[in-house]
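Keep the model open while you read.

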Amino acid sequence: MEGLRRLSRWKRYHIKVHLADEALLLPLTVRPRDTLSDLRAQLVGQGVSSWKRAFYYNARRLDDHQTVRDALQDGSVLLLVSDPR
């Protein structure tokens, strides 16, 4: 059982983030335990300001505290749009 837990730490999700305002599709590699706030930090590291935008997946708005494992699947495409609030 311990061996299975160690392997899960190495799992990575390969997702894409669609920036609707700029018409860009950015590939990201994330860990299942990363939150959407961690995703935002990765985007900022690539020069994309995402703090006044909202993530959507399957027409559902995602919260920043959700983990990638709970919200997405490997190969998912997230939509990042300006937050109407």
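Arg-53 and Glu-22 form a salt bridge through their side chains, with 2.8 Å from N to O. The pair joins distant parts of the chain, 31 residues apart. This is a predicted model. A search of the whole structure finds three salt bridges.

**Arg-53 and Glu-22**
- Arg-53 sits in strand β3, which covers residues 53-57.
- Glu-22 sits in the loop between β1 (13-19) and β2 (24-30).
- Arg-53 has 13% relative accessibility, so Arg-53 counts as buried, the cut-off being under 20%.
- Glu-22 has a relative accessible area of 37% and is partly exposed.

**Asp-34 and Arg-31**
- A salt bridge also links the side chains of Asp-34 and Arg-31, at 3.0 Å from N to O.
- Asp-34 counts as buried because its relative accessibility is 8%, and buried means under 20%.
- Arg-31 is partly exposed, at 44% relative accessibility.

**Asp-64 and Arg-40**
- The side chains of Asp-64 and Arg-40 meet in a salt bridge of 3.0 Å, N to O.
- Asp-64 lies in the loop between β4 (60-61) and α3 (68-71), while Arg-40 belongs to helix α2 (residues 36-45), so this bridge ties together parts 24 residues apart in sequence.
- Arg-40 is buried, with 3% relative accessibility.
- Asp-64 is partly exposed, at 29% relative accessibility.

**The largest nonpolar core**
- In soluble globular proteins, nonpolar side chains tend to be buried together.
- Here the largest nonpolar core holds 19 residues.
- Which residues touch the most other members of this core? They are Leu-39, Phe-55 and Leu-78.
- Two or more residues come from each of β1, β2, α2, β3, α3 and β5 (77-82).
- Strand β1 gives the largest share, four residues.

**Around Phe-55**
- Neighbours within four places in sequence are left aside for this list of Phe-55 contacts.
- Leucines in contact with Phe-55 include Leu-36, Leu-39, Leu-43, Leu-62, Leu-78, Leu-79 and Leu-80.
- Val-17 is also in contact with Phe-55.
- Among the other contacts of Phe-55 are Arg-40, Arg-60 and Arg-61.

Terms used:
Residues numbered from 1 in each chain as written. Predicted model: local features only at pLDDT ≥ 70, side-chain atom pairs only at ≥ 80, totals over all residues. Heavy atoms only, no water. Salt bridge = Lys/Arg side-chain N within 4 Å of Asp/Glu carboxyl O. Buried < 20%, exposed > 50% of the residue type's maximum accessible area, 1.4 Å probe, protein only. Core = buried A, V, L, I, M, F, W, Y, C linked by side-chain atoms within 4.5 Å. Contact = heavy atoms within 4.5 Å.
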